[in-house]
Amino acid sequence: MGKAIGIDLGTTNSCAAIFAEGRPRLITYKGGETTIPSQFAIDEQGNRLVGHEAKQQAQLNPVNTVMASKRLIGRNFHSKTIEQVRQVFTYELMEGDNSEVLIKVKDQVFTLEQISAAILRKIKDVAEEALGAEVDQAVITVPAYFNDRQRQAVRSAGVLAGLKVLRVLNEPTAAALAYGLGRNLESRVAVYDLGGGTFDISVIDIKDRIFEVVATGGDTFLGGVDFDDRVMQYVLEDFYEQHSIDLSFDRVAIQRIRDAAETAKISLSTVTQTPIEVPYIFNGDSGPLDIRMTLTRDQLNELCMDLVDRTIATCQRIIKEAGCTKADIDEMLLVGGQSRMPLVQSKVTEFMGKPPSKGVNPDEAVAIGAAMMAHSLSSTSAEDGVTLLDVLPMPIGINKLDGTMHVLFEKNQPLPDYKTRTLTSGKDNQRSIMLRLYQGESKLVEENELLGTFVFSGIRPAPKGKVQIEVTFHIDSEGILNLTARDKATGQTVESTLKLGKPGGAKSKRKKLKNKAARKETAPPTPINMPTSSLAQQLGSPPPMAPPPLSPVPSSLAPSATEDAPTVKAPPTPTPVSEPPPLQPPAVAPKPEKKGFWAWLKGLFGIG
Ligand code: AMP
């Protein structure tokens, strides 16, 4: 049996830790570094590069260097998020057969899971070298605000990297473990986690070895890269003012300025002013031009004030959702590299009325907590046991006919949990039923993430309304959804197949009205436990099945994949609720149009 490690898989950097000889410690790579850049590239010679090697060549090879891919993982190609970024990423995004996002690097196509797996594999290799032993198990952390699909994708990436994933653990929970495990505490803490790409806040009760999350929330598109963007925009504007030259179309120049902006931002956490120098950034008529300027901490604060204010507003909301006030929080823990910014610390101090805890190292706490959890899960000793009680970060539900979401599982509800709903056939001899599941905080499904379309097939032929399928939705302690279905009359399990597909909540008003009118004529019997409108939306013939997915479909969600479309032998009656078969858009996303720097950047890092 190999060793079990904890992995903090970050947007910008990743790191790993191990619990050995009675204490956790970070795994150090060659050269003494404890983090590796979360980057993947293929160079001119066709070599695959991961981590530092990928980052080193990123400025010269931005099109074939994948960075910040954690922002895309587990998302539907047609989701709003991907729509925003796909025109403007330096690397090419494509749509997979199952509407998943694929990345093209030098004529090779990868799933997001494969890219993350390459980074995880690198971490595994480096850990094995550092520890001199095989590493085959891991606890991998994710932002608390990740949805079901994102969690599934990280789990799959771990498996692809050759790891047994002991648990997918929320980053703030990991930080709380690093802070409180083994200290015999009874305390309520809030974990403010501002990393490279995401912001999370969780309120957690610690009672010795029991860690209970009370409320959680965040923003998967707010992190250190957004702070870098602000500095970069400032540098570009300054350069334009001086030379009337817009560098925003030069990808190589942008990458160099981005690196310089991040370096300056980090320096300003310890000094009050810093030079920004990028030599030979442009070859002008009168020779090469350089960037040479000074940035002060006050200027940086001004550029980034609204970003920090956004995090404080989220803290306020989540503390309220936890049913408490600031005064009930014993300690505020700051984690994530960006929380080292003095402005973050002063704003948090001002908001809480007391300084944040010094009990954890912001860069290390998540990996350390993950290593503690990995130790606990791989140990046979009862003394090492830890109880984690987590909550669901965002509601999960199904679409109603009017495009709103019928919530099955509420935000912040304790995990694990299950719910059952009964679906009823709406046509004679209907052989299949379709159900779409969404996750997100909006009332409208089209603004939430489509988790998948489930097709229940092989239903026994019977007159309409005579087949009742009981579906059980089970969310496990990691926030991952599983689904089973059975025929209520016979007790037989009904096959269900997961199809990711396009979000179908948004229909034209005309079509909605048409469906509504048709539904009046053929309204199915009211199902048990379920509003008629939401059920009606789900019944009818499913569209043809998509071909088998390129990326691994989470087995828990696809108990029995079938490749043929379920045949519906029913006579052609008005079908009120079936969705049109998915159109096949061009597989390759159109080449990014030339856009202004700010639009490009906003898209790259998902802001605005
Ligand atoms: P993490 O995901 O926790 O590794 O955080 C990475 C982010 O933290 C990156 O955007 C870094 O630029 C930022 N960061 C790291 N160290 C500092 C620092 N001392 N001050 C401000 N930001 C930092």
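How far is a polar side-chain atom of Glu 262 from an oxygen atom of the ligand? The distance is 2.6 Å. The views below come from a predicted model, in which local features need pLDDT of at least 70, side-chain atom pairs count only at pLDDT 80 or more, and totals for chains, interfaces and linings use all residues. Residues are numbered from 1 along each chain as its sequence is written, and side-chain values use heavy atoms, with hydrogens and water left out.

**Figure 1. The ligand and its shell.** The ligand is surrounded by Thr 12, Gly 195, Gly 196, Gly 224, Glu 262, Lys 265, Ile 266, Ser 269, Gly 336, Gly 337, Gln 338 and Arg 340. By class, one residue of this shell is nonpolar, eight are polar and three are charged. Here Ala, Val, Leu, Ile, Met, Phe, Trp, Tyr, Cys and Pro count as nonpolar, Asp, Glu, Lys and Arg as charged, and the others, Gly among them, as polar. Helix 7 (residues 251–267) gives the largest share of the shell, three residues. Helices (H or I, at least four residues) and strands (E, at least two) are DSSP runs, numbered from the N terminus. The ligand lies between domain 1 (3–223 + 307–389) and domain 2 (224–304 + 582–605), because both give residues to its shell. These domain bounds come from an automatic or database domain assignment.

Figure 2. A polar backbone atom of Gly 196 is 3.0 Å from an oxygen atom of the ligand. For Gln 338, a backbone N or O atom lies 3.0 Å from a ligand oxygen. The protein covers 84% of the 500 Å² of accessible area that the ligand has on its own. Accessible areas come from the Shrake-Rupley method with a 1.4 Å probe; for residues, only the protein chains shown count as cover.

Figure 3. Buried means under 20% relative accessible area, exposed over 50%, and partly exposed in between (1.4 Å probe, protein chains only). Lys 265 is in helix 7. Its relative accessible area is 6%, so Lys 265 is buried. The Lys 265 side chain makes a polar contact with the side chain of Asp 228 (2.8 Å). A polar contact is a pair of N or O atoms within 3.5 Å; within protein, one must be able to donate a hydrogen and the other to accept it, and residues adjacent in sequence count only if both atoms are side-chain atoms. Asn 170 is found in strand 12 (residues 164–170). With a relative accessible area of 4%, Asn 170 is buried. Its side chain makes a polar contact with that of Asp 390 (3.1 Å).

**Figure 4. Helix 4, from start to end.** The 13 residues of helix 4 (residues 148–160) should span 18 Å at 1.5 Å a residue, and the end C-alpha atoms are 18 Å apart, which agrees. The expected span is 1.5 Å times one less than the number of residues. At the start of helix 4, a side-chain oxygen of Asn 147 reaches to within 3.0 Å of the backbone nitrogen of Arg 149. Helix 4 is largely enclosed by the rest of the structure, because 10 of its 13 residues are buried. Among them are Asp 148, Arg 149 and Arg 151. Gly 162 follows helix 4, with a positive phi near 85°.

**Figure 5. Helix 10, a mostly covered helix.** Helix 10 (residues 365–378) has 14 residues, which should span 20 Å; its end C-alpha atoms are 20 Å apart, in agreement. Of these 14 residues, 11 are buried. The buried set includes Met 372, Met 373 and Ser 376.

**Figure 6. Backbone features in loops.** A cis peptide bond joins Leu 415 and Pro 416, with omega about -5°. Pro 416 lies in the loop between strand 21 (405–409) and strand 22 (417–424). Lys 106 is not a glycine, yet its phi is positive, about 45°. Lys 106 sits in the loop between strand 9 (101–105) and strand 10 (108–111). Its relative accessibility is 27%, so Lys 106 counts as partly exposed. Asn 184 also has a positive phi, near 50°. Asn 184 lies in the loop between helix 5 (171–180) and strand 13 (186–194). At 60% relative accessibility, Asn 184 counts as exposed.

Terms used: A residue is near a molecule or strand if one of its heavy atoms lies within 4 Å of it.
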